[in-house]
Amino acid sequence: MAEQELCVVTGAFGYSGSHIARRLLDRGKRVRTITGRPDKDDPLQSKVEAHSFNFDNPGHLRKSLEGATTLYNTYWIRFEKGDMTFAKAVANSRVLIQAAVEAGVERIVHISIANPSEASYLPYFRGKAQVERTIRESGLSYAIVRPTVIFGGGKDILINNIAWMLRRAPVFGILGDGQYPIQPVHVGDLADICVKQGESRDRVTLDAVSVDLFTMEELMCTIAEGVGSYAALMRVPVPVGLFVTSIIGRIVGDVVLTRHEVEGLMEGLLYSEKPPLGPTSLRDWIFEHGDTLGREYYSEMATHYKKK
Ligand SMILES: NC(=O)c1ccc[n+]([C@@H]2O[C@H](COP(=O)([O-])OP(=O)(O)OC[C@H]3O[C@@H](n4cnc5c(N)ncnc54)[C@H](OP(=O)(O)O)[C@@H]3O)[C@@H](O)[C@H]2O)c1
């Protein structure tokens, strides 16, 4: 019997990584994950071999990648906290890419972000562009997949947590004029794009966005309608909105929204001019999931910081 192909997925017990891992398992591949939470109680735990990130031990990291044809890389941070900075995330990503090269991995399918730029003053977008360059210069065959905001399939922090607030607040603020574009992609569509790219050997960079393009104001109104919110929606100055979200953050013990995330949004970076590759309509999805959307708050801090 032919040996099963081995793929490594970073963060297979996380959000997009779990969707990629499930698709690979369904296709008969063997999946190994590299994660910060190898012991996590997770439905995929029995099907996926879990290794630790070991960024400070590249030899161990290389061993975790040995035998794999493809690395699906989701690793990144959403915001800086303590010594976990974007510069460190770039450095860790470079250690991972070098380990993949040394381990003989053939291809990397890397999840980036739409509109990254090394000239950006936003460290998230700048760091993503730096990692993309490292991949292009690594000699590996690569697909760089650039999503905007990801929704659906559990743990879609932004859309879910907006819905969570809309269910509870009598008044809800739209930051600035709300006229900036946002074009999220369904996590299943993103995973399909990644797995398809894993089969190819072409060097490509693709935007992953869905068919629905909203202004932020339209998206808020659609979520409010979808979950049956009675909140009065009003435009508020950005500093006011950030102040209020920082108070909500203290109550829920999380970072709800960062200034840089708002700036990225308002600069139109979560939008693509390329043809949409994700067929799932966010508008339809919101109305299909209106009953469950935002019932529970999804905390980034609880996922990636508190349990360490
Ligand atoms: N979610 C979105 O809306 C969105 C939008 C645009 C781009 N992206 C990009 O898509 C990729 C996957 O995102 P995702 O939401 O699916 O991520 P995720 O599952 O929450 O995390 C992806 C990987 O990064 C690790 N990680 C995340 N935060 C970390 C932290 N603070 N410290 C250490 N490790 C951390 C996770 O570690 P564990 O294995 O320990 O969980 C996991 O291996 C990322 O590159 C992200 O930048 C996401």
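Helix α2 crosses helix α3 in a right-handed sense in this predicted model. The chain is split into domain 1 (6-147) and domain 2 (156-182 + 212-271 + 280-299).

**Helix pair α2 and α3**
- Helix α2 covers residues 58-65 and helix α3 covers residues 86-103; their axes come within 8 Å and cross at roughly 55°.
- The two helices α2 and α3 are therefore oblique to each other.
- On the α2 side, the contact is made by Pro58, Leu61, Arg62 and Leu65.
- On the α3 side, these residues meet Val95, Leu96, Gln98, Ala99, Ala100, Glu102 and Ala103.
- By class, the contact of α2 with α3 consists of eight nonpolar, one polar and two charged residues.

**Domains**
- The centres of domain 1 and domain 2, taken over C-alpha atoms, are separated by 28 Å.
- Seven residues from domain 1 and eight residues from domain 2 form the contact between them.
- The side of domain 1 that touches domain 2 has six nonpolar residues, one polar residue and no charged residues.

Key:
Residues are numbered from 1 along each chain as its sequence is written. This is a predicted model: local features need pLDDT of at least 70, side-chain atom pairs count only at pLDDT 80 or more; totals for chains, interfaces and linings use all residues. Domain bounds come from an automatic or database domain assignment. Two residues are in contact if their C-beta atoms, placed from the backbone, lie within 7 Å. Ala, Val, Leu, Ile, Met, Phe, Trp, Tyr, Cys and Pro count as nonpolar, Asp, Glu, Lys and Arg as charged, and the others, Gly among them, as polar. Axes are lines fitted to C-alpha atoms, for helices over the stretch in contact, and angles run from 0 to 180 degrees between N-to-C directions. Helices (H or I, at least four residues) and strands (E, at least two) are DSSP runs, numbered from the N terminus. Angles under 35 degrees count as roughly parallel, over 145 as roughly antiparallel, 65 to 115 as roughly perpendicular and the rest as oblique. A crossing is left-handed if the near helix is turned anticlockwise from the far one by less than a right angle, and right-handed if clockwise.
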